Amino acid sequence: MSVLAHLPAETPAQQTRRGHSRLLPYLLLLPGGLWLTVFFAVPAVQLAATSLYDPSGSLQEGYAMTWEFGNYADALSAYWPHFVRSLVYAGIATLLCLLLGYPLAYAIAQKATRFKNLMLVCVIAPFFTSFLVRTLAWKTILSDNGFVVGLLRDVGILGSDGRLLATSVAVVLGLTYNFLPFMVLPLYASLDRLDGRLLEAANDLYASPVRAFAKVTLPLSMPGVVAGTLLTFIPAAGDYINAELLGTPNQYMIGNVIDSAFLVRLDYPQAAALSFILMAIILAMVFVYVRRAGTDEVL
Amino acid sequence: MRLTHSPLSPEATAVLSATRFSRRTLVRGAMASGALVTTGGLLSACGTEGTSQSAESCVSDDTSSTDKKLAFSNWPQYMDVDEKDESKHPTLLAFQQSTGIQVTYTEDVNDNDEFFGKVQNQLSGCQPTDRDIFVLTDWMAARLIRLGWLQKLTKANLPNVQANLLRSLRARPFDKNDEYAVPWQSGLTGIAYNGSVTGEVRTIDELLTRADLKGKVTCLTEMRDTMGLMLLSNGHDPSNFTEAQFDDALEKLKRAVASGQIRKFTGNDYSTDLAKGDIAACVAWSGDVIQLSAEDEKIKFVAPESGLMLWSDNMLVPNKAAHKANAEKLIDYYYDPGVAAELAAYVNYICPVQGAQEKITDIDPELAENPLIFPDDATLGKTKVFMALDEAQERSYSTKFQQAIGA
């Protein structure tokens, strides 16, 4: 009865609902937008302001705003090797992740019928322990008296006095290991969606498996490759734990410098300028990369 | 700087030090992001105010007489524990029973710089940190004194300290009148080596140049410790040096980094590497080495001929701490030789209390003989306390040093 009684009122209700639906996108944006405003936009503006303070100021005396754009030039000229090193290490680690991750993701998505979920869990399993504990474990694995170094010495890859720990190799290996899941998961997501019938069709049209891979599988998995490389490269470039634990001062990345500028040297303008330069470099590289990959292959 | 006697296996110790490190590093990451928000203060495109305070600008009320409470922040494993229950601290319990003061003891100091980041906003704005005592190393104490963030202690409330504080720890360069900082424990910085990997290392020059040590040497990231030893090895006095002398010493360090002699710069974490033998010799803190050599007698501490650095972790009472009189009671309590001996039997650093050596004979006669816990006058005569730096010096020296160590 009551349902019937309400029936005539339906039309205005629908109208208000339509009114709501015009507002709805904005309402949905609100929580995320507020979050980003408070925890990203405001700090970013502050960071920008800090990077332009007079560098002769100090914690004790305070800082004057003098629009000191020279801070950027100073920071870059003092620490450009660290920037280059960060990008090179992150680049190599990303490439290694891709080489290791692609076959793995392909195997999980296409071949591991029964064990698919188990294998996925294995990929994610390292996340159940802390990032630091995992990196410290690598310190033990690569230790001078550990079996890895012993084996490499025995087969002659490393000299009798050679070592892995405290070298660039160790840092790049650490980065590769720590960020591998970020590469595998997006790759898996795109390869899992691959329609097997397309490969059958390629086969029917006399494409060799290699050709089918190059013409069908690879192009279709490009969104996964792009997402994976970005998710790996960006955090790897800013990482400082691997360099601190597995490297030496000669392997320190830009993250180590920013850490020390903020917390040890208390040189806030320079620390802020360094952070902004890193952000700008990564944004520019990502922009170029996505545009290239985007126009040529993804779409 | 601390790491103390523990009955644990090397594996367990490794795990412990790993988690300690992780906590430190994680909090550091959090602090760094916090620093972004705070250094700007309010959204200010027009700069920030200075952060100094003074006794006039920041007045603290003492509610000790009515409020029998005390909040005490210290480094991990820096207090004696009950053999049966690790969460109980016998000396602290005895203090609570005899005074009726309820002590909240927190082990939340993991790193001087990190702790500074933790309390910097409150103290620069003259806000309470909710801590009545915290324990920080000399140079950080010096910075807080300079910033005016500490309360002056009332000497009349500290008779034991007046009577029993070691002579060599009085009138230190950063606290000439002994008004702000009272040592909790002290330690020496010297050389340690692992006898299973290398022969004896007697001097800093050997450490930095001997060919068989190449790539197997570490130095400390604490500038005062590493640079103090460098200055001493050049024949200069770390408690009174010129910029040119500092640059000379730094040059020496840089050469050793460039030649690959120095593998890395470390905090506490050198101890596991030294025990494993990945490191043959290093700049080390005395207390760590006592612990390591208890497990492996091949690991030895060497006092270089040129001299050693003496440092302390100091009990400090910050501005706006509401229980200063209670805090002074606790500070004075730990300067009773009997109590100090009980603490020293657990914490293997230098006991800054005169008379504790006699008392500790009853607990463990061997410890009373240990020159790294109760150094004789000859050893103490060779020690130096690093010079107090003003803000400009601190920034210039630490920037140079950080650049030399790669960050």
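Predicted model: local features only at pLDDT ≥ 70, side-chain atom pairs only at ≥ 80, totals over all residues.
The axes of α7 (residues 223-233) and α8 (residues 243-258) of chain B come within 9 Å and cross at roughly 100°, the axes being lines fitted to C-alpha atoms over the stretch in contact, with angles running from 0 to 180 degrees between N-to-C directions. Thr226(B), Met227(B), Met230(B) and Leu231(B) of α7(B) make the contact with Gln245(B), Phe246(B), Ala249(B), Lys252(B) and Leu253(B) of α8(B), where contact requires C-beta atoms, placed from the backbone, to lie within 7 Å. By class, these residues comprise six nonpolar, two polar and one charged (Ala, Val, Leu, Ile, Met, Phe, Trp, Tyr, Cys and Pro count as nonpolar, Asp, Glu, Lys and Arg as charged, and the others, Gly among them, as polar).

Chain B is divided into domain 1 (57-186 + 312-367) and domain 2 (187-310 + 393-404), with bounds from an automatic or database domain assignment. The centres of the two domains, taken over C-alpha atoms, are separated by 28 Å, and their contact takes eight residues from domain 1 and nine residues from domain 2. On the side of domain 1 of chain B that touches domain 2, four residues are nonpolar, four are polar and none is charged.

Residues are numbered from 1 along each chain as its sequence is written, and chains are lettered from A and ligands numbered from 1 in the order in which they are written. Local features need pLDDT of at least 70 and side-chain atom pairs count only at pLDDT 80 or more, while totals for chains, interfaces and linings use all residues.

Notes: Helix = DSSP H or I, 4+ residues; strand = E, 2+ residues; numbered from the N terminus. Contact = placed C-beta atoms within 7 Å.
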